[in-house]
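Me: Could you walk me through this one, chain by chain and then across the interface? I'd like the cut-offs spelled out as we go.

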Amino acid sequence: MFPTSMATSIQNTKMLLRRAFSVKRNEILARNLCFTRTLNANEDQDKSKKVVEEKKNKAELKEAKQKEAKAKLNMLLESMSKTTQKAYPSESKLSLATPKIRAKPAKPVKQPVFNTKIEPEMLQAVEDVSNMLSKENEALKNSLIAKLEDVADESERARLEPFKPNKQKTEDLNSLLNTLKVDGKKPKNKSPAPKLAPVKIEDMYGAQPSGIFSKAHFIEESSAVSGLATWDMLYEKELELAVTHPPANGFHQMIQWTKQGKVWQFPIDNEQGLDEEAQVGFHEHVFLEPHLKPWCPRRGPVRHFMELVVVGLSKNPYLTVEQKKEHINWFRDFFEAKRSILIDTGAIPDITTKSSPSLST
Amino acid sequence: MMSCPNLNALVWQHLFRNARRLPFVWKSGRSIVPNGNSFSTETKEIVIPNYIPRGPTDILEALASTVKRDPTAPHFKFHDDPYLIPASNHAKRTYALAQEAGRKAANWIKHEHAELFQHRNAEPFIQAFAPAEKLTETTPITEDLLKKYIHTAQVANAIHVYGKLDSAAISPETRQSFLEFVAFYNEDDQLNQDFVEERWFKSGMKGKDQIRQTWKNNGLAEAVFNSMERKTPEAYCALICGMAKHGKAVGAWEYYNQMLAEGFAPNLTTYNSIFKIAGIVREDAEHQIRLIDETLRNMVHAGIKPNVRTLNSILESISRIPIYRVAREKSLQVLSDFKSIGVKPSLGSYYFLLKIFCREKGPINNILVGIVNRLEYEMPPLQDLHDVAFFAEAMRVCNYHLEDVQLAKRLHDLLCLPQNQALIGDSYKESIYYRCFLLLLTRAEGPEALMEMYRHLVPNIYTPEQSVFEAVVKSVAECSAVHYVPELWSDAVYMDMGERESILEVLLEALASGSGPDSNTVSDKDDVDPVLATARAITAHVDNFLQVAEEKNRPTPLRWTGSMLGNLAKLFLQYGDVASANAIIIKVHTLKNQLSSFFPVATLNKFYESCIERQDSAMALMAIDYAVEMGYDESSSMAKQAREQLKLDERQQEKLNSILGSTSTTSEES
């Protein structure tokens with residue numbers, strides 16, 4: 001909106017000049033050039049001021065960058081009650097709406113420049129024109145200047161219209177800006193640009209294969225068996241250690257203990273690790289009488305005693321089958337050693353009547 | 001810990017993740033209990049899932065995956081006691097290692113007094129708790145014992161037993177196994193694998209980037225090799241692998257050629273070792289690449305299929321090529337080659353790709369973006385020892401190379417997945433990772449986002465180093481986010497950094513960067529603004545520390561500096577705390593030349609103005625005195641102002657004159 005109003009005002013000036021004096025076109029152009037150069041000079045000066053301010057009021061500067069936000073703020077401003085005024089440090093007075101972009105129109109801070117209404121160069125140009133048309137020299141000059149002043153006033157008003165930069169308003173805006181909490185996102189500290197241009201890799205597999213493997217026939221087993229069994233075992237071990245860290249929770253701790261063989265493994269199994277017992281059947285534990293058969297008399301006190309022993313052993317969960325057999329064999333050897341006494345007491349029949357030493361008939 | 005209501009569902013989900021179907025799915029969707037009539041038809045529709053064999057730790061892993069890391073709690077390994085929660089890096093290390101030292105002491109007693117631990121109350125007996133059998137003179141030395149030591153990786157014992165054994169009595173298989181064993185460990189005794197903490201803190205010490213020759217020349221491995229009457233290809237392979245692993249490239253290369261000359265075919269592991277040393281035996285990049293190609297052709301010829309470690313070895317070798325373009329092109333070609341035979345890269349491959357593409361002085365390369373895309377899609381399993389180096393390197397690239405905070409966050413999300421957490425490597429890599437992450441955030445993020453992540457990481461997951469902490473404070477100060485500074489100060493004390501001068505400097509700088517009290521918040525008289533309270537706390541803390549140090553006659557690197565006091569005075573003036581500001585100026589006045597930097601003149605002026613306002617001529621004189629002492633230009637105008645605007649009694653008048661007298665003489669002299 002600013003550039004258009006500005007442009008129209010300049011346009012107006014031009015047309016006015018052309019209508020009034022019908023001067024040669026190129027001269028006007030030259031004058032226009034004059035005018036814009038001054039403008040630029042002013043802007044440059046302003047710019048240097050801004051740089052100084054920039055550091056002080058980053059947040060405000062950022063805010064100022066956005067035209068829309070500015071318009072909104074303006075609306076806010078209008079609706080604000082006068083009572084919310086606050087005294088703020090004078091330094092913030094200048095920080096209002098200072099965009100970076102060069103193409104933007106001048107700011108209210110430049111007001112002093114425009115208060116002179118017409119710049120000296122312009123006045124000089126008017127002088128020159130009126131001198132050229134020397135007839136009604138003075139009258140023309142005056143009317144021309146009056147016109148120019150009108151135009152200057154009007155354009156100034158149009159330009160500053162959305163701002164209404166009277167002191168009151170400026171202060172209000174400042175106070176508003178100061179109370180705003182702007183998310184100050186810092187500019188990245190760019191490292192010095194690298195000498196070489198960035199390289200983008202679209203596809204990692206984009207390169208043309210060299211074709212080394214194009215006609216390869218691999219023996220599948222070769223990759224599985226490397227021939228260095230111990231080496232591979234150790235490598236696996238090292239690999240596992242590389243990801244074994246201090247446990248992060250109780251479950252990890254249990255995993256570690258399980259791997260170290262310190263706790264029983266899941267799934268739960270009461271007979272876990274009893275590998276030797278697993279080879280032996282239940283019946284071998286319980287039915288021990290066959291072990292008596294080869295040597296024990298079929299009846300009599302010895303048989304009676306040994307049956308009691310066997311029943312006792314079959315109920316004992318703490319001995320292995322081997323131990324139970326050993327136990328039985330110990331009695332066999334014992335009775336064998338006491339054979340003479342047994343015969344004498346009549347516990348077993350005499351050796352002469354029965355042939356077998358075990359007396360099993 | 002486990003109050004998750006969905007626990008069953010989660011475990012269930014995990015256990016059946018790989019199963020083809022959930023068990024007992026009725027296609028008809030009818031009741032599970034079959035009724036009499038439809039029994040025969042229903043049974044046909046039962047889909048019985050395949051049996052999935054489970055390992056002993058599967059159920060535990062399923063349960064563990066349901067527990068997330070709690071950033072508000074200290075690590076599980078520390079005692080659950082408020083007094084024993086460590087915050088600083090030093091404390092973390094000490095506590096963890098102290099705990100392990102206790103475990104070691106117990107272990108030592110178990111070893112030294114094994115006779116005290118003969119009770120066996122577990123059935124079957126738990127071998128891990130048994131005291132290790134000590135090697136004594138009477139121990140029967142057998143080949144089985146050697147095998148056992150090799151299997152349990154007890155290097156010193158195995159070497160001892162091997163020395164005692166009659167060398168003729170050892171079977172060729174055991175001898176080969178022993179050769180591989182010695183070559184793998186290079187005769188160095190290994191840390192007991194139960195000592196997790198020590199390994200966690202130790203492994204970072206050795207720089208793995210540089211290949212250093214650690215191979216023991218003419219050591220046991222070579223002796224075993226030479227003692228073999230018939231040199232088998234396996235023996236050559238073991239020796240070559242060992243030499244390549246421990247940096248004796250030239251030796252490995254010699255034996256490799258010798259092996260080829262004898263007509264033996266190397267195996268896969270040996271080829272991998274040769275790729276690894278290709279960059280050392282061939283200086284020139286061109287020759288090196290030629291050697292790699294040639295060796296690959298040999299493998300193809302022998303029908304040996306390369307695996308992912310082959311790929312990694314080749315990339316490792318390429319990463320040492322100094323010419324950027326050559327390395328880049330060759331690595332991409334190798335990747336395509338290996339893709340054609342179905343070898344997928346592991347994290348280690350990506351690690352070397354980052355080394356190749358993202359060099360310090362090279363152009364910026366975005367290869368990491370593609371890698372992260374791939375990893376988000378599919379995480380390769382652990383296959384190579386270099387896999388654990390990936391995350392630290394990737395975060396380093398994010399920070400120093402790409403400066404891409406979004407990518408860094410994606411990478412961090414990847415690492416945070418429960419199954420990936422172990423891939424961080426060790427304590428050293430972990431600290432590199434988090435250092436780079438936080439440094440990147442300090443540069444790229446606003447204070448809110450930065451502090452959010454900071455609170456998440458610090459102090460339980462990561463304790464920032466001094467420089468990182470300074471960067472955080474500076475980043476906060478740059479945005480004038482003063483309200484975060486009190487929190488940072490308490491963290492600094494908590495992390496044992498409250499006595500470091502540079503930290504105090506930046507903290508005070510940050511405190512003074514604010515615009516003064518916020519009139520909305522401080523309404524109550526008793527309610528002290530946290531920023532002001534922090535400033536007072538810092539002053540008291542430093543004073544106290546200095547006093548204690550002085551009493552105990554302890555040398556301390558901490559001193560008050562002019563800028564620290566300047567920031568404090570500025571802050572106190574901002575908040576209208578005149579008494580504290582006066583105390584600061586008195587400090588300045590007494591310390592004067594002992595201050596290592598000047599008290600800023602702007603603040604001095606401000607203070608002086610406030611003195612005049614308050615008509616506090618004594619303090620004003622002190623300020624003038626300091627200004628004169630330091631030769632500030634403002635001193636004369638200050639003095640003039642004092643004469644005009646302050647009511648000075650006679651003594652003060654005199655003093656002012658004497659101060660000014662000294663300056664006028666000094667200025668005349670100069």
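Reply: Happy to, and let's start with a term: buried area is the accessible area (1.4 Å probe) that two parts lose on being put together, summed over both. This is a predicted model, in which local features need pLDDT of at least 70 and side-chain atom pairs count only at pLDDT 80 or more, while totals for chains, interfaces and linings use all residues. Residues are numbered from 1 along each chain as its sequence is written, chains are lettered from A and ligands numbered from 1 in the order in which they are written, and side-chain values use heavy atoms, with hydrogens and water left out.

Me: What is the area buried between chain B and chain A?

Reply: Contact here means heavy atoms within 4.5 Å, and by that rule 97 residues of chain B are in contact with 73 residues of chain A. Leu60(B), Phe76(B) and Phe184(B) supply 8% of the area that chain B buries against chain A, more than any other three residues. Carbon and sulfur atoms give 65% of the area buried between the two chains, and the total is about 7,700 Å².

Me: How many salt bridges are there between chain B and chain A?

Reply: A salt bridge is a side-chain nitrogen of Lys or Arg within 4 Å of a carboxyl oxygen of Asp or Glu. Over all chains, this rule gives 26 salt bridges. Between chain B and chain A, the count is 3.

Me: Which helix gives the largest share of the side of chain B that touches chain A?

Reply: Polar contacts are pairs of N or O atoms within 3.5 Å; within protein, one must be able to donate a hydrogen and the other to accept it, and residues adjacent in sequence count only if both atoms are side-chain atoms. Between chain B and chain A, 11 residue pairs are in polar contact, both residues being at pLDDT 80 or more. Helices (H or I, at least four residues) and strands (E, at least two) are DSSP runs, numbered from the N terminus. With 10 residues, the largest share of the side of chain B that touches chain A comes from helix 15 (residues 324-340) of chain B.

Me: Which residue of chain B meets Glu236(A) in a salt bridge?

Reply: Buried means under 20% relative accessible area, exposed over 50%, and partly exposed in between (1.4 Å probe, protein chains only). Glu236(A) is partly exposed at 42% relative accessibility. The pair crosses between chains, from helix 10 (residues 229-242) of chain A to helix 14 (residues 308-318) of chain B. At 3.3 Å, N to O, the partner of Glu236(A) is Arg309(B).

Me: And which residue of chain B does Lys262(A) meet in a salt bridge?

Reply: Lys262(A) sits in the loop between helix 11 (250-260) and helix 12 (275-278) of chain A, and its partner is in the loop between helix 7 and helix 8 (196-202) of chain B. The side chains come to 3.3 Å, N to O, and the partner is Asp194(B).

Me: Is Asn249(A) buried or exposed?

Reply: Asn249(A) lies in the loop between helix 10 and helix 11 of chain A. A polar atom of its side chain is 3.0 Å from the backbone nitrogen of His252(A). Not counting residues up to four places away in sequence, Asn249(A) touches Ala64(B), Val67(B) and Phe76(B). Its relative accessible area is 5%, so Asn249(A) is buried.

Me: Which backbone nitrogen does the side chain of Gln323(A) reach?

Reply: Gln323(A) is placed in helix 15 (residues 321-337) of chain A. It counts as partly exposed because its relative accessibility is 38%. The distance to that backbone nitrogen is 2.8 Å, and the residue is Thr320(A).

Me: Why do the buried residues of helix 6 of chain B lie on the same side, and what arc do they cover?

Reply: The buried residues of helix 6 (residues 155-164) of chain B are Val155(B), Ala158(B), Val161(B) and Tyr162(B). An α-helix has 3.6 residues a turn, so residues three or four places apart point the same way. The buried residues of helix 6 of chain B pack against helix 5 (143-151), helix 7 (172-185) and helix 9 (220-227) of chain B. They are on the same side of helix 6 of chain B because the arc around the axis, taken from the directions from the helix axis to the C-beta atoms, is only 130 degrees.

Me: What share of the residues of chain A count as buried?

Reply: Chain A has 16 helices and 0 strands. Among its contacts between residues at least 6 apart in sequence, 69% join residues at least 24 apart. Of the 361 residues of chain A, the share that counts as buried is 34%.
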